[in-house]
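Welcome, and thanks for taking a look at this structure with us.

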Amino acid sequence: MKEYRVAILGFGLVGKVAAMMLHKHHQLSIFEAACDASQNGAGALAAAMLAPMAESVNCEVDIAELGLEAMAMWPELLAQLPTNVMFQQAGTLVIAHNQDMGDLQSFMQRLKPIRGHHAQRVLGADIAKLEPDLAGRFHQGVYLPSEGQLDNLAFYQQSYAFLRQQGVQFHFSQNVELHPQSHKSGIEMVNGEAFDWIIDCRGIGAKEQCDGLRGVRGEVARIYAPEVQLQRPVRLMHPRYPIYIAPKPNNEFVIGATEIESQDSGPATVRSTLELLSAAYTVHSGFAEGRVMAINAGLRPAFGDNRPRSSIKGNVISINGLYRHGYLLAPAVVRQALTKELL
Amino acid sequence: MREEKPLNIYGQTFESRLLIGSALYPSPHIMQEAICASQSQIVTVSLRRQNSVSAGEDFWQLIKDTGLTVLPNTAGCHSVKEAVTLAKMCKEVFATDWIKLELIGDEYNLQPDPVALLEATEILLQDGFKVLPYCTDDLVLCQRLAALGCEVLMPWGAPIGTGKGLLNPYNLAMIRQRMPDTTLIVDAGLGVPSHACQALEMGYDAVLLNSAIAGAGCPVKMASAFNHAVQAGRAAYIAQAMPEKDVAAPSTPTMGMPFWHQN
């Protein structure tokens with residue numbers, strides 16, 4: 001394969017996945033608006049759950065199936081990194097309080113059939129077996145065995161260090177204005193540098209140039225709670241948005257996420273904080289003495305149909321709109337977008 | 001047969017008697033398709049959680065793009081001050097003096113607070129708003145709201161999002177009977193199209209719903225089903241249903257039938 005000079009715009013989740021796929025074959029330069037790699041984009045805040053079945057409740061079957069494809073790609077991507085990044089496929093447990101059984105029933109009704117994957121109805125004894133800490137607290141739920149999650153903070157840190165080591169050039173504090181040339185020379189310019197290809201992975205940062213792209217606000221808490229032992233992500237039915245508790249290494253838990261049609265990326269509100277943390281507390285009282293490490297807000301980039309989109313104009317490949325499905329879909333969506341020209 | 005009149009909301013008339021909400025859809029595109037399938041002419045939208053005018057612009061533009069009359073609401077407000085402030089923001093964003101006034105009194109079942117509702121209604125009417133209060137099915141409360149100057153009232157069918165239908169048909173019928181000149185819209189708690197049909201059959205002028213459509217397996221199909229139900233219910237009201245009887249009355253006279261067929 002011919003080696004190209006490739007510029008990746010944006011070093012969020014999609015930019016990282018693209019770089020991990022391309023660095024062996026091409027010379028990469030990464031342009032990022034933030035001043036360093038410790039940015040707070042949607043991908044850094046997310047719980048990084050790989051939940052195609054649970055998400056199928058609100059998305060089309062083909063998106064959920066793409067999620068399965070992507071889940072199978074993660075181990076290979078992570079295997080490139082020198083240190084182990086937690087990748088787990090121990091399923092998701094979905095539970096509800098008695099008052100919210102209607103929401104659990106509605107969730108089960110709306111689960112879409114995905115080839116070869118089945119939801120299992122569980123009762124108190126099964127819940128106790130799966131999650132001993134929840135024994136006696138919940139009496140009905142659903143277990144989605146094929147789902148997983150990964151440690152996104154470790155992935156963020158390690159992919160940056162690894163790509164640097166591989167000779168990828170990084171340019172931080174770079175706000176790139178993109179004007180695709182579609183000229184015959186096949187050369188695209190980024191801040192005065194010439195490239196054969198540009199991969200635009202700016203997410204919500206590309207809003208001005210991306211028709212119909214909007215931000216969907218999400219608020220997420222990160223809690224250190226050594227009294228709580230959960231083996232896998234737990235979803236709690238909630239009338240407004242699905243609340244999940246994803247256990248991460250070192251007794252940390254990511255609790256999220258609100259979903260508000262707003263472009264406001266300001267700090268989390270008191271109401272959202274109360275909703276998220278009280279939901280977590282009702283699942284496990286051990287959260288009461290947990291430490292709040294962070295409560296952050298971010299914008300998920302989304303198009304009107306909440307489906308990801310990729311396009312090629314001139315020598316610019318744009319990938320955007322992964323909405324709440326960044327980790328679920330990124331490897332598959334990025335591979336689809338890059339395959340013909342660059343992989 | 002009763003006389004057919006279009007739905008009248010503060011002097012504006014509408015053919016459709018289904019008001020539709022804009023929350024909880026799987027995506028904005030599905031929302032737009034469902035709104036279209038519902039044949040609604042009025043869409044209600046919440047502004048409470050956007051925090052600022054600029055923050056919600058993208059989503060509100062999608063609502064404006066439907067071309068429907070927008071009825072902003074104060075969902076999520078718990079005090080008179082919050083509701084009045086938000087009503088003013090709604091006026092700025094959607095350039096309308098209509099406001100669906102929603103003031104929550106109980107966090108768990110989202111029951112409207114009747115006392116605060118009266119106070120906020122008075123303030124907003126004095127400020128020139130056309131208030132559509134979301135209230136419980138209490139006759140005296142409805143009368144008080146009308147006495148303040150509300151031309152439209154929106155008593156609940158059941159708590160928001162429960163899908164239980166008309167929990168107290170007696171109360172709703174009483175309000176209809178005692179307030180014949182007020183536009184009455186059943187708001188909240190409907191789950192299936194027959195609930196909407198029932199409200200219209202009772203003489204309610206319209207229904208407003210969100211979760212029953214947005215939370216359906218196929219919101220677009222369900223929106224269409226509600227549209228048909230509302231039309232059926234209204235037609236039944238206009239046609240005047242036969243009175244209910246306790247004793248069977250055969251539709252075919254038995255005289256002239258062989259006696260062994262008459263049992």
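In this predicted model, the annotation "binding site" in an unreviewed UniProt entry covers B:Gly161, B:Ala188, B:Gly189, B:Asn210 and B:Ser211. These residues are spread over 51 residues of sequence, yet they cluster in space, with a largest C-alpha distance of 9.2 Å. The points below start with two of them and then move on to other parts of the model.

**The annotated binding site**

- B:Gly189 sits in the loop between β9 (183-187) and α7 (193-201) of chain B.
- Because B:Gly189 has 22 C-beta neighbours inside 10 Å, this residue counts as buried.
- B:Asn210 belongs to the loop between β10 (206-209) and α8 (211-214) of chain B.
- B:Asn210 is buried too, with 24 other C-beta atoms within 10 Å.
- Apart from residues up to four places away in sequence, B:Asn210 is in touch with B:Ile20, B:Gly21, B:Ala23 and B:Leu24.

**The annotated active site**

- The feature "active site" is placed by UniProt, again in an unreviewed entry, at B:Lys100.
- B:Lys100 is part of strand β6 (residues 98-101) of chain B.
- Is B:Lys100 buried or exposed? It has 26 C-beta neighbours inside 10 Å, so B:Lys100 counts as buried.
- Not counting residues up to four places away in sequence, the contacts of B:Lys100 are B:Thr44, B:Leu71, B:Pro72, B:Asn73, B:Leu132, B:Tyr134 and B:Met154.

**A helix with a buried side**

- Which residues of helix α5 (residues 139-148) of chain B are buried? They are B:Leu141, B:Cys142 and B:Leu145.
- These three cover an arc of only 100° around the axis, so they lie on the same side of α5(B).
- The exposed residues B:Val140 and B:Ala147 are on the face of α5(B) turned away from its buried side.
- Among the elements that cover the buried residues of α5(B) are α4 (114-126), β7 (130-135), β8 (152-155) and α6 (169-178) of chain B.
- After α5(B) comes B:Gly149, which has a positive phi, near 125°.

**Chain B as a whole**

- Chain B has 9 helices and 10 strands.
- Its radius of gyration is 20 Å, close to the 18 Å that the globule rule gives for 263 residues, so chain B is as compact as a globular protein of that length.
- Along its principal axes, the C-alpha trace of chain B spans about 80 × 40 × 35 Å.
- Of its 263 residues, 47% count as buried.
- For contacts in chain B between residues at least 6 apart in sequence, 64% join residues at least 24 apart.

**Where the two chains meet**

- The contact involves 17 residues from chain B and 15 residues from chain A.
- On the side of chain B that touches chain A, α1 (28-38) and α2 (57-65) of chain B each supply at least two residues, and α2(B) gives the most, with 3 residues.
- By class, that side of chain B has 4 nonpolar, 10 polar and 3 charged residues.

**A loop in chain A**

- A:Ala288 lies in the loop between α8 (270-283) and β17 (291-302) of chain A.
- With 12 C-beta neighbours inside 10 Å, A:Ala288 counts as exposed.

Notes. Residues are numbered from 1 along each chain as its sequence is written. Chains are lettered from A and ligands numbered from 1 in the order in which they are written. This is a predicted model: local features need pLDDT of at least 70, side-chain atom pairs count only at pLDDT 80 or more; totals for chains, interfaces and linings use all residues. Two residues are in contact if their C-beta atoms, placed from the backbone, lie within 7 Å. Helices (H or I, at least four residues) and strands (E, at least two) are DSSP runs, numbered from the N terminus. Ala, Val, Leu, Ile, Met, Phe, Trp, Tyr, Cys and Pro count as nonpolar, Asp, Glu, Lys and Arg as charged, and the others, Gly among them, as polar. The radius of gyration is taken over C-alpha atoms; the globule rule is 2.2 Å times the number of residues to the power 0.38. A residue is buried if 20 or more other C-beta atoms lie within 10 Å of its own, exposed if 12 or fewer, and partly exposed in between; C-beta atoms are placed from the backbone. The arc is that of the directions from the helix axis to the C-beta atoms. UniProt positions are given in the numbering used here, feature names are shortened, and annotations may be inferred rather than shown by experiment.
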